[in-house]
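The sequence and structure come before the details.

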Amino acid sequence: MMPNILSSDSKALTEKDLQNKESSITTKAIDKNNKQNRSESYTKSEGWFKTELKWMNIVTISLLHLCFVYACFTFNFFENLMTTAWIYGMIIIAGFGVTGGVHRLWTHKAYKAKWQLRIILVVLYASAGMNDIFEWVRDHRVHHKYTDTDADPHNSNRGFFFSHVGWLMMKKHPDVIRRGCEIDMSDVLADPIAVFAIKYSPILKFIFTFLLPIMFPVYAWNETWFRAFVSQIFIRYILVLNFTWSVNSVAHIWGSRPYDAHINPTENLFVNYATVGEGYHNYHHVFPWDYKASEFNNFVTTNLIKFFSKIGWAYDLKEPSKELVKTVMRKRGDGSHSLWEAVPYPASKIE
């Protein structure tokens, strides 16, 4: 994260604020960081590696997905449109907890949030039913530092299935564990709200992922317990998981690379709509500290962060200047950007 290109509020730095010398230093720093993150021992992944399978995860994930397929063919989505709308509503709620909370706030520190917003984000993230905040943040920071190497928890060079869900079905690669132990998590542990959520993660997950989402349609519009259970557990929960996983798989395999042609992450519209704004992944890996996770600012998560900024609950929104984005894109992009023509990046500079 480069101090000279961050703004203290949601306004981007203007071109006058970013002198040519600073832009040159910043882009060189980005190159240097990429080279450091991909040291000689991490430029290649070893392909398949022998590790112990997590049979409980394999059975649980497989059964849930079998139930999801069956439910999609047998559940009558038109019987009660309120229930169907609640499926979509919970996807948005959980999605913002992941994208705006554990991802952009706690992992990348792309903005700061007052205690009111952090409590909301803890609850919304709990409704996604994923690992606790500590595990999620640690694994994601490792992912960014050692993207698509043996130290990446969901290395996309091992194929779609592994990067999507297979990595959850087996013990981690030794390099993932080793590098994970080196990640500084002091900022997360210094947040009492995050620590509370970590400590009571199983309870919060049960309440906000399963119990309340099922109870709400039953008591709000007299939905049956069976339909409420099927719609929220076998359909909504599985969709939330797969939409989130698609960032690690789909957005590392298919799509354009307008900001850096030499990394796997891509720009993928399907992922962007499925995850309420996380599909501009090539941009995100170049500028991970941008609170928008995109060059643009017209998506759900970004707009919600901007709303909380207006009421004072979110502040210090970080983003690069347009000049810096333009400079990096022209230097390293694949030429697919709609506004500027990319200049090929010299192969000799890619280690």
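Contact here means heavy atoms within 4.5 Å. The model is predicted.

## Helices α2 and α11

By that criterion, Leu 64, His 65, Cys 67, Phe 68 and Ala 71 of α2 touch α11. Their partners in α11 are Val 230, Phe 234, Ile 235, Tyr 237, Ile 238, Leu 239, Asn 242 and Trp 245. Sorted by class, the residues of this contact are 11 nonpolar and 2 polar, with no charged residue.

Helix α2 spans residues 55-74 and helix α11 residues 225-248. Their axes lie 9 Å apart, and the packing angle is about 115 degrees. Angles of 65 to 115 degrees count as roughly perpendicular, so α2 is placed roughly perpendicular to α11. The crossing of α2 with α11 is left-handed.

## Helices α3 and α5

Helix α3 (residues 81-107) and helix α5 (residues 133-145) have axes that come within 10 Å and cross at roughly 65 degrees. The two helices are therefore roughly perpendicular to each other. The crossing of α3 and α5 is right-handed.

On the α3 side the contact involves Val 98, Val 102, His 103, Trp 106 and Thr 107. The α5 side contributes Ile 133, Trp 136, Val 137, His 140 and Arg 141. The contact of α3 with α5 has 6 nonpolar, 3 polar and 1 charged residues.

## Helices α3 and α14

Helix α3 also packs with helix α14, which covers residues 300-310; the axes come within 10 Å and cross at roughly 70 degrees. This angle makes α3 roughly perpendicular to α14.

From α3, the contact uses Ile 92, Phe 96, Thr 99, Gly 100 and Arg 104. From α14, Val 300, Thr 301, Thr 302, Leu 304, Ile 305 and Phe 308 take part. By class, the contact of α3 with α14 comprises 6 nonpolar, 4 polar and 1 charged residues.

## Aromatic pairs

The structure holds 16 aromatic pairs. One of them joins Trp 86 and Phe 216: the ring centres are 4.7 Å apart and the planes stand at 40 degrees, so the pair is tilted. Trp 86 belongs to helix α3 and Phe 216 to helix α10 (residues 201-221), so that the pair links distant parts of the chain, 130 residues apart.

## Annotated transmembrane regions

An unreviewed UniProt entry lists residues 55-78, 85-103, 115-134, 203-221 and 233-254 under "transmembrane region".

In the model, the stretch 55-78 is 83% helix and 0% strand, with its end C-alpha atoms 37 Å apart. For residues 233-254 the chain is 73% helix and 0% strand, and the end C-alpha atoms are 29 Å apart.

How values were computed:
Residues numbered from 1 in each chain as written. Predicted model: local features only at pLDDT ≥ 70, side-chain atom pairs only at ≥ 80, totals over all residues. Heavy atoms only, no water. Axes fitted to C-alpha atoms, helices over the stretch in contact; angles between N-to-C directions. Helix = DSSP H or I, 4+ residues; strand = E, 2+ residues; numbered from the N terminus. Parallel < 35°, antiparallel > 145°, perpendicular 65-115°, else oblique. Left-handed = near helix turned anticlockwise from the far one by under 90°. Nonpolar A, V, L, I, M, F, W, Y, C, P; charged D, E, K, R; others polar. UniProt positions renumbered as here; feature names shortened; annotations may be inferred. Phe/Tyr/Trp six-rings, centres within 6.5 Å; stacked < 30°, edge-to-face > 60°.
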